[in-house]
Amino acid sequence: MTREDFIFKRVKLVSGVSSWESPSNIALIKYWGKYDEQLPKNPSISFTLSQCKTITIIKYRPKKENENQNFSFLFDGLTMQSFNDKINLFINRISQYIPAVKSHFFDIESHNTFPHSSGIASSASAMSSLALCFMEIEKQIDSKISETYFFKKASFLARLGSGSASRSIEGPLVYWGKSKAYKNSSLLYGTVLKDISPIFNSYRDTILIIDDSEKKVSSSLGHELMKSNPYAENRFIQADKNMDRLRNVLIKGDLKSFIEIVELEALSLHAMMMTSSPSYILMHPNTLFVINEVYEFRKETSIPICYTLDAGANIHLLYPNQYFKKVQLFIIEKLLKYCHSKQFINDRVGPGSKKI
Ligand code: PMV
C-alpha cells in the first residue's frame with residue numbers, strides 16, 4: 001500500500017467515545033535513524049509486550065464555532081505540557097490522513113499500567129493507543145473499512161507519533177521498514193510476522209528498572225544525531241543483515257543465534273549514541289554490572305537468557321517461559337541490588353492492542 005491509500009476523504013460530523021489499550025514493545029533489531037515523515041533508515045523487528053500498556057479514551061464531538069483548540073489531554077488525570085506538545089504535533093500530522101481531525105474537538109485521557117517515571121519508553125504504547133482511537137472515529141464515518149485496513153492504517157498513524165509505535169498494534173512479533181528478508185515489508189507501517197517457532201509466542205521479558213529518571217537525550221535528538229554519525233551507513237547495513245539472519249533464527253527457534261544477534265543489536269544501538277557528536281552515554285554503571293551477571297548466569301546454567309536495551313539504562317531480560325522460576329530466583333539473588341528501588345516488571349510477549 002502507498003501513502004495515498006491512507007488518505008481518507010470523507011468528512012462527516014460525528015460524536016462519540018472511543019477507547020483502546022495498546023502495549024509497549026521491545027525491539028530485537030533496533031530502529032535508530034530516520035528521514036522525511038518518520039521513515040526508518042533501517043528495518044526493525046520487535047516483540048509486542050502485554051503488561052506495559054497505555055489505555056486511552058477519546059470523547060469527540062464537532063468543534064464549536066470560534067473554538068481554537070481542538071483537543072484537551074489528561075495523563076493520569078493531570079495536565080502535562082510536554083505531552084500536550086507531542087499530541088499537538090501528532091494531531092497535526094494525522095490531519096491530512098483523517099480530515100475529521102480538523103472539524104472535531106477531542107477530549108483525550110490516558111494512563112499507563114506501568115509507572116510512567118520508570119524510565120520505560122511509553123511513546124510506543126501511548127501513540128499506538130491514540131492512533132487506534134482515531135481509527136475508531138474514522139470507522140464511525142465509514143463503517144465499511146476492513147479490519148486489515150483498520151490495523152494497517154492504525155500502524156501508519158502511530159508511526160507519525162513515534163516510529164516504534166507502528167510495531168505496537170499487533171503481535172507477537174512485528175517488523176517495520178524495508179527489508180530484503182520480508183518481501184511485504186513497508187516503510188509506512190508494521191507487519192505481523194507469522195512464520196515463527198512456537199517458543200517465541202510465550203517468550204518472557206523481565207524489565208529491570210536500573211534508572212527511573214527522564215532520559216538525558218531524547219530519542220528524537222538521538223535519531224537526528226544519526227544524520228552526522230560517521231558510522232551510520234554501516235550501522236544501517238548491519239541492521240539489514242541482522243534482520244536477514246534473524247529471519248531463519250525466528251523460524252527455527254535457534255536460541256544460540258537469537259542471543260548473539262539480540263545482544264549485538266543492543267550494544268550497537270548504544271555504540272551509535274557513544275559515537276554521535278556530541279557523544280553521550282545512556283547506560284548506567286549498573287547496566288554493565290547486570291550485563292556481566294547475565295553472561296555468567298548463562299554460562300553456569302546454560303539457560304538461554306539474553307539482555308537487550310532500549311534508548312536508556314534499563315535492562316530487558318528475554319528468555320523462554322519455561323525458565324521463568326529460575327530467572328526469578330536469579331533476579332532476586334543477584335540482580336535486585338542493581339535495580340532502582342528494587343523495581344522490576346515481569347512482562348511477556350502478547351497479541352497487541354485491544355478495544356475496550
Ligand atoms: O520510536 P522512537 O522515535 O521513540 O524511537 C525509539 C527507538 C528505540 O526504542 C531505541 C529502538 C526501537 O526500535 O524501538
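## Rings and charges in a predicted model

Arg159 lies over the face of Phe156, at 4.9 Å from the ring centre, where a charge counts as sitting over a ring if NZ of Lys or CZ of Arg is within 6 Å of the ring centre and within 35 degrees of the ring normal. The table sets this contact beside another of its kind.

| Charged residue | Ring | Distance to ring centre |
|---|---|---|
| Arg159 | Phe156 | 4.9 Å |
| Arg204 | Phe324 | 3.9 Å |

The model is predicted, with local features needing pLDDT of at least 70 and side-chain atom pairs counting only at pLDDT 80 or more, while totals for chains, interfaces and linings use all residues. Residues are numbered from 1 along each chain as its sequence is written, and side-chain values use heavy atoms, leaving out hydrogens and water.

Phe156 also belongs to one aromatic cluster, together with Phe6, Tyr97, Tyr149 and Tyr189. Rings of Phe, Tyr and Trp (its six-membered ring) pair if their centres lie within 6.5 Å, and planes under 30 degrees apart count as stacked, over 60 as edge-to-face and the rest as tilted. The count by this rule is 22 aromatic pairs. One of them is the edge-to-face pair of Tyr31 and Trp176, with 4.7 Å from centre to centre and 70° between the planes. Tyr31 lies in the loop between β1 (16-29) and β2 (34-35) and Trp176 in strand β7 (residues 173-176), so the pair ties together parts that are 145 residues apart in sequence; strands here are DSSP runs (E, at least two residues), numbered from the N terminus.

Are these two residues buried or exposed? Tyr31 counts as buried at 9% relative accessibility, and Trp176 is buried at 0% relative accessible area, given that buried means under 20%, exposed over 50% and partly exposed in between (1.4 Å probe, protein chains only).

Conventions:
Helices (H or I, at least four residues) and strands (E, at least two) are DSSP runs, numbered from the N terminus.
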